[in-house]
Amino acid sequence: MPTDLPNLLTISRILAIPVMVLLVAIQAPWADMAACAVFSAAAITDYFDGKLARDWQITSDFGRMLDPIADKLLVGAALMLLAGFDRLGEFGLLPAIVILLREILVSGLREYLAGLKVGLPVTKLAKWKTGFQMGALGVLLAGDTGAAVIGLGFLPVAIIGEAMLWTAAALTLMTGWDYWVAGLRHAARPPGAAPEADRR
């Protein structure tokens with residue numbers, strides 16, 4: 001297993017999941033805030049592992065494989081925790097479902113296109129989606145109880161988090177549709193034809 005810093009940061013996102021689960025399960029205000037901190041720190045590594053790998057020119061097949069897996073595991077675990085511990089309001093479950101289904105859809109498309117030797121580039125809109133999504137999940141993990149620990153109990157943190165989650169879900173639908181159309185375009189090409197990305 002590669003031990004360079006970018007890959008270690010990617011692995012740290014996976015290792016953060018059981019810590020986050022334990023903290024949420026405690027169901028105490030300080031633990032909610034700690035879960036938010038752990039999730040936020042793990043989410044930030046998603047930016048730095050890729051940047052460092054590019055800047056230091058140490059990209060690897062291991063990193064390319066594990067990075068999207070770590071992201072989806074972290075997001076999926078956070079969504080399941082919020083739903084399982086009733087941390088989402090009446091209208092918060094729908095955007096959570098949309099986000100989770102989109103992650104599964106994109107994973108399937110990436111696997112299919114990888115067999116065609118075609119990459120699925122990350123768009124700028126998808127990066128905005130990730131930012132809103134990670135921010136929303138961090139806020140929701142803290143919740144009103146966690147916010148009170150750091151003196152922000154006067155803010156409707158849960159409502160803010162759900163509003164951010166709805167924004168992330170809207171961006172998720174837009175980017176998911178783009179990826180779906182890209183996948184269909186390659187699936188509909190004539191047998192034996194080169195993928196569009198390879199044509200000159």
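**Close-ups of a predicted helical model**

**View 1. Where α3 meets α5.** Val75, Ala78, Leu79 and Leu82 of α3 touch Gln133, Met134, Leu137, Leu140 and Leu141 of α5; contact here means heavy atoms within 4.5 Å. By class, that contact has eight nonpolar residues, one polar and no charged ones (Ala, Val, Leu, Ile, Met, Phe, Trp, Tyr, Cys and Pro count as nonpolar, Asp, Glu, Lys and Arg as charged, the others, Gly among them, as polar). Helices are DSSP runs (H or I, at least four residues), numbered from the N terminus. This is a predicted model, with local features needing pLDDT of at least 70 and side-chain atom pairs counting only at pLDDT 80 or more, while totals for chains, interfaces and linings use all residues. Residues are numbered from 1 along each chain as its sequence is written, and side-chain values use heavy atoms, leaving out hydrogens and water.

**View 2. How the two helices pack.** α3 (residues 61-84) and α5 (residues 124-149) pack at about 35 degrees, axes 11 Å apart (axes are lines fitted to C-alpha atoms over the stretch in contact, and angles run from 0 to 180 degrees between N-to-C directions). The crossing is left-handed, i.e. the near helix is turned anticlockwise from the far one by less than a right angle.

**View 3. Gln133, a polar residue in α5.** Gln133 sits in α5 and counts as buried because its relative accessibility is 2% (buried is under 20% relative accessible area, 1.4 Å probe, protein chains only). Leaving aside residues up to four places away in sequence, Gln133 touches Val75, Ile99, Glu103, Ala168 and Thr172.

**View 4. Met20 and its contacts.** Not counting residues up to four places away in sequence, Met20 touches Ala35, Val38, Phe39, Leu74, Ala77, Ala78, Leu81 and Leu141.

Notes
Buried < 20%, exposed > 50% of the residue type's maximum accessible area, 1.4 Å probe, protein only.
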